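Here are some notes for you to read alongside the coordinates.

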Amino acid sequence: MRRWRYFGYRLLFALPVVFGILVLNFFLIRLAPGDAASVLAGESGAASPEYTELLRQKFGLDRPVIEQFFLYIANALRFDLGFSFRNDAPVSELILARLGPTLLLMLAAFSLAVAFGTLLGVLAAVARNSWRDAVISVATLICYATPVFWLGLMLIVVFSVNLAWLPTSGFEDIGQGYEGWERGVDIARHMVMPVAALGLFYLALYTRVMRASMLEQTGMDYVVTARAKGQSEGRIMLGHMLRNAFLPVLTMAGVQAGNLIGGSVVVETVFGWPGIGTLAFNALQSRDLNLLLGIFFISACLVVAINLIVEALTIALDPRIQA
Amino acid sequence: MSDVVLTLDNLTIGLPKGADRAAAVSGLNLTLRAGEVTCLIGESGSGKSLAARAILGLLPPRVTVTGGAIAFDGQDLTRLTQKQLARIRGDRIGMIFQEPMTALNPLHSIGRQIGEVLAIHTAMGATARRARVEKLLADVHLPEPSRIARSYPHQLSGGQRQRAMIAMALALDPKLLIADEPTTALDVTTQAQILRLIHELQREHGTAVLFITHDFGVVADIADQVAVLRQGEMVESGPRDAVLNAPQHPYTKALLAAVPRLAVPVRPVEAQGLVVLESIGARKSYAAKGWFARGRATRALDGVDVQLHRGETLGLVGESGSGKSTLARAMTRLLAIDSGEIILNGESITQLTTKALRPYRQKIQMIFQDPYASLDPRQRIVDVIAEGPIIHGAVPAEARLRARDLLRLVGLDPSAAERFPHEFSGGQRQRIGIARALALQPEVLVADEPVSALDVSVQAQVLDLLADIKAKLGLSMLFVTHDLRVALQICDRIAVMQHGAIVELGTATAIFTAPRHPYTKALFAAVPGASWNQSIPAAAE
Amino acid sequence: MGAGLKRFARNRMALLGACVILIVVALTIMAPFLFPAGAFALVGPALQPPSARFWLGTDALGRDVAAGVAEGARTSLLIGMSAAMGAVVLGAVIGGLAGYCRGAVDIVLMRITEFFQTIPAFLLAMLLVVILSPSVLSVIIAITAVSWPGIARLVRGEFVALGGREFILASAGLGASGPRLVFVHLLPNCLSSIIAVGSLLVATAILLETGLAFLGLGDPNVMSWGLQISAGRVSLRAAWWVCTFPGIAILLTVLSINLVGDGLNEALNPRLRER
């Protein structure tokens, strides 16, 4: 079908984006002060001279810039993102090992934010200008203005330090040796606060978008048509307006995917969540630029993937989209 | 007499505070009978659409029925709750709207949207509904009903969408059909087909129809009864022929007199002047939208040859997509053509750069269709009119002074100069647009549908103004319109366009009395009210 | 514009926001007089809870939290405003070029814009600050570099929409030059949208700045709210106030800017007024 051919085009257009990130990375390395080899080895100069020399050869740093560029791209496409001297492990391995927890955190925050944001947005729009709308709107405004990391710290103060309901940090309690179902519950308990801290901002955002979108649909001609057919208000809302109003939320979700990763870096740092965010923070502390660039590359690929999923959902929901 | 289906008894609809008047409709009395089409006609702001919506309780927020009754089936509809009304809507009263594209849900298939009516009001199963939907689509003469049922609104043409809307409104054989300007958004030939369809179905089922329109031609074609609305008050009503041929109220008389007659007025025959503006083999195509511009390109202009002579008015007539507006913009060089030549006073202006073109711009000026979009909302009127002369090197103070004279010339008070566009009505804005064009003292005026967004009485005034100015200043005019009535009134020669090409070109008289091309003939046949001879209003003048 | 300001003044929430912003601005001006010792000075015992002498308590080094909040306001406002301004200018130029030239220029510029909108903004900002080494200027550059795509798309969209309007055609038909079309007709007609979105951008820029400072990517010699929270983290269990008050300052400032931005949006953009 033509609509899915459009998806094929989007897939094709994802490749230049990935390529573009590599180009950007290459320029960032050259932008950094000092010798590229020492930059790649970690700025603090902790790398041994042998290792620096190895890098020099591998990236052809004594050869012309254009050749260096192609070597860099070729290495990256082989998924060779270099070696982290600090962590004594290949960058790609380090990132892959941490990808799972980050994905779990992001997906949980993302899906909860979309689901509840949509729901609250509809509730606010239905009860427009009532006290319920006012409460939702004020709460939304506050969540929308709260810095993610501070919210995380405040949650710790309240729920861990004072109430002692939830664990402060980490992915699970390894010391307890939980297995199966119990382990799942334990991880879930560790997840509550990070997910809340990361998700509340987006929850607020989607609530705002959904509310505005629903109100916009209220004035549409097709709503009057549905009324003229004798359809009930509830069904007009669920059967007609909801899907139309949801499309802008979906678009926004795609746009925000990149920011979600940025948020998870901060949240992981606050809660000691063993994902790529914490990895990035550690790389930041030791100025391990190459590892940071690797994380940037992988997260950007992740965003491209999320965008493709959003695109597929949009195509499934909106028959008008076609190549 | 036939059975009364619905009675509006002293209906009054209140407007929210701050509106230009207290009531949208006041004291409206109307009786709709089975098997009859009642046309409610009025200009914009007359309250005709609100009156129609009030029947089904579909008034916009803050607009309410404040008095009177709507009697239908022994009930007063104004006293029913929304729930009770919902049981009547779609079942015993159906409704169709002006713009079928926005009136249909873009995300649901046509079949699902029609089936919805059946699902709400009947106990039919899914299979029975599907079969019934296809039957209904066949009844409105849509080809391949099963394919149409699976289609989405954006995949159909405007006419097909309106047919689908009609199928939806008539799905349960309602006693009353409310049609709110259902053909206004359509081309004339499509409009004629839709009018015929409504007429046919209504006769077949004995449905009462309340038909809202602003077009007396449409009234002449379809109405049994007519009610004329002005500023929310009914000034006249009665059988069609009585109202059209022997109007009693001065307002009705004035409205009827303003409708351009489907005839060529007698004009003095003048010798043809030299060619001022010419298009030779102009071609223009638009690439198909898409990621890789594959697929068919739309050919907007397909090798057009046309000449505008000094002192004449040449009409470009055609339906939407015929290329008439594209040609007008190409000839003013507001649009670059792919190949061909545009020649002004014997000089080719096809390849000139923006800068080199500037002196020539002064000679051709354009008047646009949409009076609301054609003036910069952030410019004062005086700056709108003086902009052209200032660009061409006039002293700003003098240009502004002259702008006031121009305002007088187009029939506006010079005090208008200091105000902003939003403070003016559509007709006034169109006059400002004309003043802007005249400020450069052009030789050629290109008018792109200059009156199609205006009410009929305002339309007549603007047309008179254009003809007057053209004669006074000795201009040549290229006049783009979809309306053959208007074209016959104002044009010396008429070019009929279809699919980016001129299919017939001749004097207005020749085109009217002896059209040769089948498309020209079809256009004339489709003009609403073509058979109505319109003799009385002319005499009343 | 005049009518717009009147509509804005009728919006109580937006006025409230404007008042809070004025208070924050006043705080930055008064900071040197209120806290002459400065935010880095060790003025008292460590980890004192809020008291009459130290309104908001002291941190682990014995610095006055209130002095930090006052000085941090200046940092946040300075960086937020400069970065938003930079992003508006950069975005308007790119979006304007794309929307005015159309064709190949449009396609290339919009692909680049989409690219920058897709990649994780915060990570890119982190990288830029690390590479340029943390300072007020590098933070401004980094935030500008990740904030412009929204403005570019807005301006491009407005230019394209307005470009199809007949008054632009009419002006071109009068013989108006490109710069005249852009500066007399196109830009003034989308200025209100740019102002509204640009003001919201200040809020996002402040959130980004505090986030960067929290990760240790702020200027180490300039006091900021993010830096305060980052430093107070260690003593979170013992002294909640060190982290709490700077965070409330961020929340209130960002909230107020959002309120003002929403107010401006509603007042200046007639399309939204009906909602």
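Predicted model: local features only at pLDDT ≥ 70, side-chain atom pairs only at ≥ 80, totals over all residues.

1. Residues are numbered from 1 along each chain as its sequence is written, chains are lettered from A in the order in which they are written, and side-chain values use heavy atoms, without hydrogens and water.

2. Between chain A and chain C, 52 residues of chain A touch 43 of chain C (contact means heavy atoms within 4.5 Å). The two bury about 4200 Å², with 78% of it on carbon and sulfur atoms; buried area is the accessible area (1.4 Å probe) lost on putting the two parts together, summed over both. Phe149(A), Trp150(A) and Phe296(A) supply 14% of what chain A buries against chain C, more than any other three residues.

3. Do look at helix H7 (residues 148-162) of chain A against helix H10 (residues 240-268) of chain C: the angle is about 140° and the axes are 10 Å apart. Helices are DSSP runs (H or I, at least four residues), numbered from the N terminus; axes are lines fitted to C-alpha atoms over the stretch in contact, and angles run from 0 to 180 degrees between N-to-C directions.

4. From the record, an unreviewed UniProt entry lists "transmembrane region" for residues 77-100, 121-147, 194-218 and 238-261 of chain C; such annotations may be inferred rather than shown by experiment. In the model, residues 77-100 of chain C are 100% helix, with end C-alpha atoms 33 Å apart. Residues 194-218 of chain C are 84% helix, and there the end C-alpha atoms lie 28 Å apart.

Notes
Helix = DSSP H or I, 4+ residues; strand = E, 2+ residues; numbered from the N terminus.
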